[in-house]
Amino acid sequence: MSSQVTREHILQIGLNLASTEGLCKITFGSVARRASLSKSGVVGHFPHMSDLKRGILDLALDLWSRTCLRADPDVGSGLPSLVRYLNVWIGWTKRAGLPGSCPIAQAIVELSFLPGPVREAAAAAESVWRQTLIMLIRDAIDKRHLLHDTDVAQLAWDFLGIYLSHHVSSHSLRDPYADKKAQTSVKRTVASIEAISEDPTH
C-alpha cells in the first residue's frame, strides 16, 4: 500500500474503534493489530497519539458532513431542510456504516476533564454541529416558516440536546424506542415555534 492509502486505512480502523470502544481506549497497539501493522508502522504516520485521535475526529466530521449535509432536490429550503437534516443527523452513524455510536458525541463526554488538542478537536466538531443548526434555523426564520422572534441559539441548544439524549439512550442504554422518542421531541419542538398562524392573510 502507498503511504497515503496506509494512513487512510489506519484512520478508518481508528474511527471504527472509536465508534465501538471510545476514543480514550484507542492505543497504537489496538490500531496496529486491527490494521495488520506494527506499532512502529502506525507511529510512522502518527508520531503522537493526539495526532491519531485528532485525525480520527477529522475523519468522523468529514463522514458526518457527507452523510448529513448532502443536498436533496426533493426537499425545499427553510423548515423542510431543517427537519430533513435533523432526521438524518439523529442516528447518522448507522446510515454512514459505522459499527457503533457517534465518535464525536462519545469524545465530547470522554474528554470533558482532559484538556488538550484532542478535546479542542472534539469541541471544534461540536461547534460545527451547532453552527449548522443555527444556519438552518435562520434560513427557516427567513422563509417565515418559524416565528420571527425564535431564539436561534436556544433552539440550536435544544436540538443538540435531543441529539445527545438520543445518543445516550440508543447506544449506552440500548433503548429500542430511542429513534421514535427523538423524532417526537423534534416534532414537538418545531410545532411550538412553527409560524403557522403568524400572518392571518396566508
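This is a predicted model: local features need pLDDT of at least 70, side-chain atom pairs count only at pLDDT 80 or more; totals for chains, interfaces and linings use all residues.
Local features need pLDDT of at least 70, side-chain atom pairs count only at pLDDT 80 or more, and totals for chains, interfaces and linings use all residues. Residues are numbered from 1 along each chain as its sequence is written, and side-chain values use heavy atoms, with hydrogens and water left out.

**View 1. Thr-6 sits in helix 1 (residues 3-21).** Helices here are DSSP runs of H or I with at least four residues, numbered from the N terminus. Thr-6 has 9% relative accessibility, so Thr-6 counts as buried (under 20% relative accessible area, 1.4 Å probe, protein chains only). Leaving out residues up to four places away in sequence, Thr-6 touches Met-1, Leu-37 and His-45 (contact: heavy atoms within 4.5 Å).

**View 2. Helix 9 (residues 152-172) meets helix 10 (residues 178-193).** Their axes come within 9 Å and cross at roughly 170°. Axes are lines fitted to C-alpha atoms over the stretch in contact, and angles run from 0 to 180 degrees between N-to-C directions. Helix 9 is therefore roughly antiparallel to helix 10 (angles over 145 degrees). Residues of helix 9 in this contact include Leu-155 and Phe-159.

**View 3. Tyr-85, Trp-89, Trp-129 and Tyr-163 form one aromatic cluster.** Rings of Phe, Tyr and Trp (its six-membered ring) pair if their centres lie within 6.5 Å, and planes under 30 degrees apart count as stacked. Trp-89 and Tyr-163 are stacked, because their ring centres are 4.2 Å apart and their planes at 5°. Trp-89 lies in helix 5 and Tyr-163 in helix 9, so the pair ties together parts 74 residues apart in sequence. Both Trp-89 and Tyr-163 are buried.

Technical notes: Helices (H or I, at least four residues) and strands (E, at least two) are DSSP runs, numbered from the N terminus. Buried means under 20% relative accessible area, exposed over 50%, partly exposed in between (1.4 Å probe, protein chains only). Angles under 35 degrees count as roughly parallel, over 145 as roughly antiparallel, 65 to 115 as roughly perpendicular and the rest as oblique. Rings of Phe, Tyr and Trp (its six-membered ring) pair if their centres lie within 6.5 Å; planes under 30 degrees apart count as stacked, over 60 as edge-to-face and the rest as tilted.
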